[in-house]
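User: Can you take me through this model? I'll ask as I go.

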Amino acid sequence: MTHKIRVGIVGYGNLGRGVEKALKQNSDFELKAVFSRRDPQGVSSEATAVHISELDNYKELIDVLILCGGSATDLPEQGPALAGKFHTVDSFDTHAKIPAYYESVDAAAREGGKVSVISTGWDPGLFSLNRLLGEAVLPEGNEYTFWGKGVSQGHSDAIRRVSGVKNGVQYTIPREEAIDRVRSGENPELSTREKHLRECFIVAEDGADRTAIENEIKEMPNYFADYDTVVHFISEEEMKRDHAAMPHGGMVLRSGRTGDNNNQIIEFGLKLDSNPEFTASVLVAYARAAFKLGQAGDTGAKTVFDIPFGLLSPKSPAQLRKELL
């Protein structure tokens, strides 16, 4: 490699700031610019801040763009629009829409001769890899994914939209009894309610009907109706003191049987103090892989299933064989 991998960050929220921090831990990268829809003077990055409308002026200055927008509205537009102009990496995480998103990004990337790594992070991403590995190694078995304990950004946003809620945070909590049943080799059939509990902490508006707020949250379809949900009302001071961080984590387990009916269990878990910082670190590793694939002449959209682990590392194949194999 003749120069450091030059990176642009698109979007400067929690994830974008996490990417900036992760790049500092990887000496083979150089952050060239942060692109935002906000006024660049209001972006507090150490790097050059540029309005997103100026992106096309940086085609020759950036090797990989790391897209840090949201999956609901940002990435469906930005992913295909930028994939034909830059190598890109993103964390699109709406699982049901990944196939359609892949097709739109793949078409743009192939037309532009670029590589775009989509839907990476930890789920989808590292958890996806472990689901694949477990299924391949233990074809006769069951897969279980547990999330938490951690802050769910989407569910937290949903409760903040309830009338009378001033602020709110929702934690997804895996049920230990369900995990124990899996680890015992029971191979249970678990319902949604049996796998996770949802716990909400709410700051209510003055005079708001707390009973109505609690009932609306618990009955919310697609978010809480299928779960046992606990709602706590707290003060603004408690919210700031106890719920400002963004921890998360979870585990993937594959329980199966081999040969002479022997129980075998594969388990992969994460415990994260900062969900966005960890996700950012995964994005940076896959940005390295995107650059290497582009240098080799590859094109099109890629997922974690398409990329050898060795491309994530700054070390040479010989180093990896010597040090980690």
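Analyst: One term to start with: buried means under 20% relative accessible area, exposed means over 50%, and partly exposed is in between, with a 1.4 Å probe and protein chains only. This is a predicted model, where local features need pLDDT of at least 70 and side-chain atom pairs count only at pLDDT 80 or more, while totals for chains, interfaces and linings use all residues. Residues are numbered from 1 along each chain as its sequence is written, and side-chain values use heavy atoms, with hydrogens and water left out.

User: Which residues do salt bridges that share partners join into one network?

Analyst: Arg175, Glu177, Arg193 and Asp228.

User: And how many salt bridges does the structure hold?

Analyst: The count is 20. One of them pairs aspartate 106 with arginine 110, at 3.0 Å from N to O. Another joins glutamate 30 to lysine 32, where the closest N and O atoms are 3.7 Å apart. Both of those residues are partly exposed: glutamate 30 has a relative accessible area of 33% and lysine 32 has 29%.

User: Back to aspartate 106 and arginine 110. Where do they lie?

Analyst: Both are in helix α3 (residues 98-112), four residues apart, which is about one turn of the helix. Helices (H or I, at least four residues) and strands (E, at least two) are DSSP runs numbered from the N terminus. An α-helix has 3.6 residues a turn, so residues three or four places apart point the same way. Aspartate 106 is buried at 11%, whereas arginine 110 is partly exposed at 45%.

User: What's at the start of α10?

Analyst: A side-chain oxygen of serine 274 comes within 3.2 Å of the backbone nitrogen of glutamate 277. Just after α10, glycine 297 has a positive phi of about 90°.

User: What does asparagine 275 touch?

Analyst: Leaving out residues up to four places away in sequence, asparagine 275 touches Trp122, Met246 and His248, where contact means heavy atoms within 4.5 Å. With tryptophan 122 there is also a side-chain to side-chain polar contact of 2.9 Å. A polar contact is a pair of N or O atoms within 3.5 Å; within protein, one must be able to donate a hydrogen and the other to accept it, and residues adjacent in sequence count only if both atoms are side-chain atoms. Asparagine 275 is buried, at 14%.

User: Which residues form an aromatic cluster with Trp122?

Analyst: Phe127 and Phe268. Rings of Phe, Tyr and Trp (its six-membered ring) pair if their centres lie within 6.5 Å; planes under 30 degrees apart are stacked, over 60 edge-to-face, and the rest tilted. By this rule there are six aromatic pairs. One of them is phenylalanine 92 with tyrosine 101: the centres are 4.2 Å apart and the planes at 20°, so the pair is stacked. Both of these residues are buried.

User: Last topic, backbone. Which peptide bond to a proline is cis?

Analyst: The one from aspartate 123 to proline 124, with omega near 5°. Proline 124 is in the loop between β6 (115-117) and α4 (126-137). The bond from glycine 148 to lysine 149 is cis too, with omega near 5°. Most residues other than glycine have a negative phi, and most peptide bonds are trans.

User: What is phi of asparagine 222 near?

Analyst: It is near 70°, a positive value in a residue other than glycine. Asparagine 222 lies in the loop between α8 and β11 (228-233) and is exposed, at 75%.

Methods. A salt bridge is a side-chain nitrogen of Lys or Arg within 4 Å of a carboxyl oxygen of Asp or Glu.
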